[in-house]
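Student: I've got a model open on my screen and I'd like to learn how to read it. Could you walk me through some features?

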Amino acid sequence: CVSLQGRRRLSDSMARWRCLFPRMNSKKPTRRSYTIYRNTPEGDGACRLEGLQVKVVEAREQEEAVTVGVREKPERPACGPWQDRWKAGLYLVLMGLLIFIVAFLLGYISSRGSCGICGDLLTIVSDERPYGVEEDPRGAPLYWADLREMFQKHLNEETIEATIRKISEAPHPPGSPRLDVLSSHVLNSFTSYGLDHSWTDSHYVGLQKPSRQQPNFLHRVNADGVVLEKLPLEDPAVYCPYSASGVVTGGLVFANYGRREDFTLLRQQGVNPQGQLVIVRVGEISYAEKVANAEAAQAAGVLIYPDPFDIPQDPRKGELSQNASIYGHVHMGAGDPYSPGFPSFNHTQFPPVQSSGLPKIPAHPISANVAARLLRQLTGPAGPHRWHGRLPNVPYLLGPGEPTFRLQLGVHNVKRSVMISNIFGCIEGRFEPDHYLIVGAQRDSLGPGAARSGVGTAILLELARTFAAMVRNGFQLRRSLLFASWDAGDFGSVGSTEWLEGYLTMLHLKAAAYISVDNAALGNDK
């Protein structure tokens with residue numbers, strides 16, 4: 001009996017322990033899972049963002065669902081994720097377009113509404129008033145006749161003449177002390193006139209000047225190169241900037257103005273300029289074109305002289321002397337040829353390139369007297385009548401002259417880095433101050449420069465003073481007016497070109513027009 005009762009107790013305790021272990025093993029940490037699904041009505045294939053829901057279920061419930069065999073199949077979204085992104089992007093684009101259109105319309109309406117202030121200012125209209133058009137009651141219009149009267153009222157012609165005489169007293173090339181004084185005068189004048197702004201813009205450019213240690217020369221030599229005669233170059237400071245350096249020897253050929261058709265006629269007459277020096281007249285085309293055409297004809301060098309037919313030469317009438325030669329650069333281009341396409345700001349280093357417009361043959365100016373002596377030595381066929389100038393006792397033959405007649409030309413110009421300064425003065429416009437008209441004039445001159453530097457600078461200063469006075473008396477400019485005094489113009493518009501290269505993008509957007517007053521008045525007639 002005892003043993004039977006002990007067995008029963010043992011089995012009961014073991015049963016209790018078996019029931020206890022499953023409970024302990026079944027107590028696991030509760031886990032949560034997140035199920036994302038959509039409530040999409042049947043028959044509706046469109047994607048709806050508002051149907052997105054999140055369901056939290058206990059892991060135990062999912063396990064029980066699996067245990068009892070209730071397993072729900074997850075619903076598939078009606079549309080793919082890429083379709084959601086595409087439609088969202090489309091909505092954003094449409095919304096942005098709508099905002100842009102509304103903003104544009106608001107700006108347009110507000111700008112039209114602000115034009116009411118225009119009646120309070122002076123208005124410029126045509127002299128001819130259209131029939132049936134009434135005047136604006138908000139202010140009297142300003143006609144062109146009234147504008148001319150206002151302009152002439154403030155303009156002082158005597159000041160222009162006095163400024164020309166002062167500027168053209170002596171040469172004032174770039175970098176010279178005389179030009180520095182003139183530059184200060186222009187800047188101080190802009191400031192004293194009451195312009196809204198005045199400033200200086202500087203560049204460092206490469207300019208050619210004659211060598212002091214090795215002057216240029218022109219000699220007559222024999223077949224062995226022995227110097228027979230040293231021909232005078234009158235003023236050793238007169239030269240052709242950007243000429244090629246070197247010494248060349250050859251005969252002489254007369255090529256009229258040095259145009260392409262002139263060299264064509266020479267070949268038709270049986271005169272070959274190859275290997276010869278070519279003598280040409282001032283006029284018709286630039287010095288640079290004359291030298292380029294001579295180089296294309298394989299000439300050795302070029303001499304350029306002023307013929308009395310083209311340039312009157314009587315010092316008693318204030319005209320050019322027959323012993324004077326005329327400057328002229330021979331760079332086939334504009335700006336600094338040692339930094340083509342780049343603005344020369346503050347010694348900026350550029351690749352070691354040069355302009356393709358620099359000549360490869362030497363060129364030099366000579367006076368009418370020296371030219372007459374040389375042309376009298378020529379032989380060969382006579383030139384056409386239209387090639388004849390007014391040099392005394394010169395038959396204007398084409399050359400090349402006797403075999404013993406040979407010339408030797410030596411050019412030794414040197415390159416120097418020179419700081420140039422463009423000077424500006426500005427009167428701001430009333431309605432469009434960020435758009436402007438530019439009025440410019442050259443300030444430097446290799447010679448006295450009365451016709452170009454003197455006249456241009458004098459007119460520029462007087463225009464600035466006159467417009468400033470008109471503005472103080474009620475005249476209103478629509479756009480800003482910019483007055484520019486350029487440096488290094490005799491070297492091929494170097495100052496203006498460097499400024500243009502430096503601010504090309506701004507000028508393309510904001511500059512409305514450019515007016516040059518260089519050579520605005522020529523001659524000595526009253």
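Student: Let me start with a hairpin: in the hairpin of β6 and β7, which residue takes a positive phi?

Tutor: That's G225, with a phi near 85°. The hairpin has five residues between its strands. Before we go on, keep in mind that this is a predicted model.

Student: Can we zoom out for a second? What does the protein chain contain overall?

Tutor: Its secondary structure comes to twelve helices and 17 strands. Of the 526 residues, 39% are buried. Then look at contacts with a separation of 6 or more: 76% of those involve residues 24 or more positions apart.

Student: On to sheets. What is the strand order in the open sheet of five strands?

Tutor: Reading across, you get β5-β14-β16-β15-β17, and the pairing is mixed. β5 (197–210) and β17 (511–516) each have a single partner strand, so one side of each is left without a neighbour in the sheet. Neighbouring strands here are turned by 20° against each other on average, ignoring direction.

Student: How does β14 pair with β16?

Tutor: Strand β14 (residues 413–427) and strand β16 (residues 479–486) run antiparallel, with five bridges between them. F424 stands opposite A484 in β16. As a general idea, side chains in a regular strand alternate between the two faces of the sheet.

Student: Which helices sit against this sheet?

Tutor: α10 packs on the sheet and touches β14, β15 (432–442) and β16, its direction making about 150° with that of β15. Helix α11 (residues 494–502) lies across β5, β14, β15 and β16, and runs at about 70° to β14.

Student: What about helices packing on each other? How do I describe that?

Tutor: The general idea is to give the angle between the two axes and the distance between them. Here, helix α6 (residues 177–192) and helix α10 (residues 450–472) pack at about 15°, with axes 10 Å apart. Angles under 35 degrees count as roughly parallel, and that makes α6 roughly parallel to α10. Their crossing is right-handed.

Student: Which residues make that contact?

Tutor: From α6 you have H185, V186, S189 and F190, and from α10 there are T457, L460, L461 and A464. Sorted by class, the contact of α6 with α10 has five nonpolar, three polar and no charged residues.

Student: At what angle do α4 and α10 pack?

Tutor: Helix α4 (residues 144–154) meets α10 at about 120°, with the axes 9 Å apart. The crossing of α4 and α10 is right-handed. L147, M150, F151 and H154 of α4 make the contact with E462, L463, R465, T466, F467, A469 and M470 of α10. By class, this contact of α4 with α10 divides into seven nonpolar, two polar and two charged residues.

Student: What is the pairing in the open sheet of four strands?

Tutor: The pairing is parallel, and the order is β9-β10-β11-β12. β9 (252–254) and β12 (363–365) stand at the edges, each with a single partner strand. The twist averages 25° from one strand to the next. Three bridges join β9 to strand β10 (residues 277–281), and the partner of F254 in β10 is I279.

Note on methods: Residues are numbered from 1 along each chain as its sequence is written. This is a predicted model: local features need pLDDT of at least 70, side-chain atom pairs count only at pLDDT 80 or more; totals for chains, interfaces and linings use all residues. Side-chain values use heavy atoms; hydrogens and water are left out. Axes are lines fitted to C-alpha atoms, for helices over the stretch in contact, and angles run from 0 to 180 degrees between N-to-C directions. Helices (H or I, at least four residues) and strands (E, at least two) are DSSP runs, numbered from the N terminus. Angles under 35 degrees count as roughly parallel, over 145 as roughly antiparallel, 65 to 115 as roughly perpendicular and the rest as oblique. A crossing is left-handed if the near helix is turned anticlockwise from the far one by less than a right angle, and right-handed if clockwise. Contact means heavy atoms within 4.5 Å. Ala, Val, Leu, Ile, Met, Phe, Trp, Tyr, Cys and Pro count as nonpolar, Asp, Glu, Lys and Arg as charged, and the others, Gly among them, as polar. Two strands pair if DSSP finds at least two bridges between them. Buried means under 20% relative accessible area, exposed over 50%, partly exposed in between (1.4 Å probe, protein chains only).
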